[in-house]
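Here is a short briefing to read alongside the sequence and the 3D view.

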Amino acid sequence: MTAPGVVVVTGAAGDMGSALCRAFAADGRRVFGADIRRCTVDGVTAVEVDVTDRAAVFALAEQAATEAGGLAVWINAAGLVRTVPTRDAGEDDWHRLIAVNLTGTWHGCSAALETMISGGKGGVIVNVGSLSGQVGYPGLHPAYGASKAGVHQLTRTYAMEGARHGVRVNAVAPSVLEGSMGDTFSDEQKARLIRANPMKRLGGMDDVTGVVRFLCSDEAAYMTGATLPVNGGSFMP
């Protein structure tokens, strides 16, 4: 694991965020779980933060920086998904999905990078993207895929800026996972996704947390700007 210090996870009350909080807490790390809802993972410090509020996100980074070891890892896992036929997609959902998934990730990258540079010890940022940001995905609001494609590009942009300061920035791009996201699909849709997947199953949260932990480890010390697919082979870039 990377140098000691605080791990911040946004979207910590969701399936992905809470799984990440549990994984890093099990590693003995000091974890801040940030969300507009309360994170209830044992051993995690719950912080109420709306990622669309830039000032609140920067305040969270400053709070983490005051803890022992400073801010070491920041994971942008806050996100929303809407299942709707493309032609029925509404404008309100468009703005909300972009605000949380893309703008919220931008806020997190900005706050984490500035705080890590100020701390002088480098750090790691990991963004949760999506297969939907790499291929067309029928049945999802078009803002979801657009926002996640933007997350992948933010990852590359911040990786270029962070490298000379010792800050690595990478992303993961999961396909549909078991849990609350998978539950937004009908049984027929999920069955179709499983049939099309070379591994013949949907992914689980542990499939993603393991890859994120790797990206935060010293074993990934020479990796930055990468978006790693976690999709069972359903897309091979």
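The protein exposes about 10600 Å², and carbon and sulfur atoms supply 53% of that area. Please keep in mind that this is a predicted model. Buried residues make up 51% of the 237 residues.

**Fold and dimensions**
- Six helices and seven strands make up the secondary structure elements of the protein.
- Starting at the N terminus, these elements follow the order β-α-β-β-α-β-α-β-α-β-α-α-β.
- The C-alpha trace spans about 50 × 35 × 35 Å along its principal axes.
- The radius of gyration is 17 Å, which agrees with a compact globule, because a globule of 237 residues would have a value near 18 Å.
- Among the contacts with a separation of 6 or more, 69% come from residues 24 or more positions apart.

**Cysteines**
- The count of disulfides comes to zero, with a disulfide taken as a pair of cysteine sulfur atoms within 2.5 Å.
- Cys21 is in no disulfide: its nearest cysteine sulfur belongs to Cys39 and is 4.2 Å away.
- Cys21 has 0% relative accessibility, so this residue counts as buried.
- Cys109 is in no disulfide either, and the nearest cysteine sulfur to Cys109 is that of Cys216, 13 Å away.
- Cys109 counts as buried because its relative accessibility is 0%.

Technical notes
Residues numbered from 1 in each chain as written. Predicted model: local features only at pLDDT ≥ 70, side-chain atom pairs only at ≥ 80, totals over all residues. Heavy atoms only, no water. Helix = DSSP H or I, 4+ residues; strand = E, 2+ residues; numbered from the N terminus. Rg over C-alpha atoms; globule rule 2.2 N^0.38 Å. Buried < 20%, exposed > 50% of the residue type's maximum accessible area, 1.4 Å probe, protein only. Contact = heavy atoms within 4.5 Å. Areas by Shrake-Rupley, 256 points an atom, 1.4 Å probe, with all protein chains shown as cover.
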